[in-house]
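Trainee: Could you take me through one part of this model closely? I would like to understand the nonpolar core and the contact between the chains around it.

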Amino acid sequence: MSFLDSLSLGFGLVAHWQSLAALFCGIVVGVFAGAIPGISATMAVALTLPFTFALPPIYGILLLLGVYKGGIFGGSIPAILIKTPGTPASSATVLDGYPMAEQGKAGKALGMALYASCTADLISNLALILFAGWLASFALSFGPPEFFTLILFSLTIIAGVSGASLLKGLISACLGLLLATVGLDLVYGTERFVFGDPNLMGGLNFIAVLIGLFAIPEIISFIWNPDDSHDKVRSLGQHHVTFAEYKRSFKTIVRGSLIGVFLGSIPGIGAAPSAFLSYSEARRNSPRKANFGKGEIEGVAAAEAGNNGVAGATLIPLLALGVPGDVITAIIIGAFMIHGLQPGPMMFMTNADIIYALFIGLMVSSVLLLLVGSVAIRLFRFIADIPRSLLFPSVLVLCVFGVYAVNNSVFDVVVMFLMGWLGYFMLRVRMPAAPFLIAFILGPLLEDNFRQAMLMSGGNFEILFRGPITWFFWTVSVISIVALVRNELRERRSRFAEEPA
Amino acid sequence: MPRLHRNIWLGLIVMLFALALAFVLIPVGVSSPRSVRSIVLSPILWPTIIAWMIFIGGGLLVGQQLLGRREPDHLDEWANPRHGAWFRLAALAVLMAGYYLAIAYIGMVWASALAFLVLTLIIRSRYRITALIVAFALPLFTYAFFYHVAGVPIPQGEFIRLP
């Protein structure tokens, strides 16, 4: 099938009002959820996922992508107006966004955040369209040994960069790998950690684990210290962003978008480091560097371009290789699986129409984000006033309904509650949950490909080093581990050096 | 007795768990057929590798804290909660258990409404009237979506059945 054939089939799938409505609803939910302090984009995507079961795959996935894109932008609204980032990725936006709000220029800061987000989103989507197909065609030649080394490489990065402590990230990833072994063995069909319970034979439900890890701990944390108050919401002011200001920041926005694209396409790095790198690069290159941190509009543009530039690019490894780039794309990979689709190079052959429909939908999402974002900015005062003492009980109810709906199983609700307490424990001991979830998803793929490779070679490990691709992934895995250990040691050293003797 | 750092406790717990996994849970919970040709294909291999990786991770965490320079204990962010924090946590655990059990008897909608109300009581929400409205409206709306739109058979209780 030619590129044009695939494109026209994709267009046929997406050119319905239902697709646009799904995308629009997703963006609305994402922007509003991201704007509510305490509801992260991750939680919003996780809670929306069960509502997509009844939809055809393309509508369901567009809805989730809308929530993802909207959530990333939505987080910048409270970052600017109440100095509370709605998502970790918006932390860099606070640096100049809030000082601008204090100066009565919140409307200007939010306007720039929106324009920078939409521009970066567009650039990121273009990168996705350009590179995903190319990478997928390259990955078509991968066999089990290549996939094993690729997934191993992804795990080394993900475990290392997802938290403050490398060791805790690694332990978290190992626990995720362990939990993924529950159920029937892939090769022999024997039981693993089933203990005679038929509910465990199919393994643990991904949605129950996901919602348990990312939504329930937030509820428990709120119970620990319930507080409905939030900082004062700054008014939007009379200042609005001008075209001249946008033009002046355009170079910064493009640079930030490219940083986002580059970092987003590497599994595991995520939006927050990209936003900070984009911000520091903008500061380094700006003629007004002294203004950064005091309310510089270019700082807002850089931070937002950095974190939104990641959004499309994280889908490159997801669609082309079947490897999630961050936690949210890990959830989206779960959505693909629930809808009977397996992301990866083969999907470009078997479901090219869906892939191209997603590409077109994503391009449209940048425009819809502009519309929804400009309305959400004006409505934020009402969003911020939603009492958290009502919000979190509502989240609990939605979690229970959503998790039950996956398999019509009350057992999954128990799994979700237990995972919630585990997630809360991990939160308290500062062990990141993201490596756990991603390892839980990648674990079966890792083991499956390893054992397939062993079956192919009759147990000979040489097959894992059979060609340049496997050698490449072994090499980058070793480099990433060495770099992670070095960074960890350097950070610890600098942390101790800062402490008073 | 000097107070042990949180990371040391965590490392020790992780190591103990890994040992229990390697010597108790895997032998009891993972069965390997006799026909396995090679150890690398055995269903036991993968969990065993993971168990020892967890053990090493826990050991390194303890070692890092004991041998390296001590990382400060990050307790401040959880300190000074509102009075009765542990009681609220215990109440939430009981609520979750009750919620699960109540689904079978009164159905998911009414169990959810009840759980919502109890949770707002635990939190001591100031918005009582709104809580009462949302407690019933949200489960009913969610039920309507899942049952009538998505076709999910939401469990109904033995007492009040919904259309």
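**The core and the chain contact**

Mentor: Happy to! Chain B has an average pLDDT of 86, and 90% of its residues score at least 70. Keep in mind that this is a predicted model; its scores are ipTM 0.91 and pTM 0.83.

Let's start with the core. The largest nonpolar core holds 214 residues, and the members that touch the most others are A:Val209, A:Ile211, A:Cys399 and A:Leu437. Helix α7 of chain A, residues 106–139, is the top contributor, giving 17 residues to this core. Chain B takes part as well: its domain 1 (6–78) and domain 2 (85–149) both give residues, so the core lies between these two domains.

Now zoom in on A:Ile211. Leaving out residues up to four places away in sequence, A:Ile211 touches A:Ala46, A:Ile216, A:Cys399, A:Gly402, A:Val403 and A:Met416. One of these partners, A:Cys399, is itself among the core members with the most contacts.

Next, the contact between the chains. Here 50 residues of chain A meet 59 residues of chain B. On the chain A side, at least two residues each come from α9 (166–180), β2 (191–192), α11 (216–224), α19 (388–407), α20 (410–428) and α21 (434–457). Of these, α19(A) supplies the largest share, with 11 residues. Sorted by class, the side of chain A that touches chain B consists of 35 nonpolar, seven polar and eight charged residues.

Key: Residues are numbered from 1 along each chain as its sequence is written. Chains are lettered from A and ligands numbered from 1 in the order in which they are written. This is a predicted model: local features need pLDDT of at least 70, side-chain atom pairs count only at pLDDT 80 or more; totals for chains, interfaces and linings use all residues. A nonpolar core is a set of buried Ala, Val, Leu, Ile, Met, Phe, Trp, Tyr and Cys residues joined through C-beta atoms within 7 Å. A residue is buried if 20 or more other C-beta atoms lie within 10 Å of its own, exposed if 12 or fewer, and partly exposed in between; C-beta atoms are placed from the backbone. Helices (H or I, at least four residues) and strands (E, at least two) are DSSP runs, numbered from the N terminus. Domain bounds come from an automatic or database domain assignment. Two residues are in contact if their C-beta atoms, placed from the backbone, lie within 7 Å. Ala, Val, Leu, Ile, Met, Phe, Trp, Tyr, Cys and Pro count as nonpolar, Asp, Glu, Lys and Arg as charged, and the others, Gly among them, as polar. pLDDT is the predictor's confidence in each residue, from 0 to 100.
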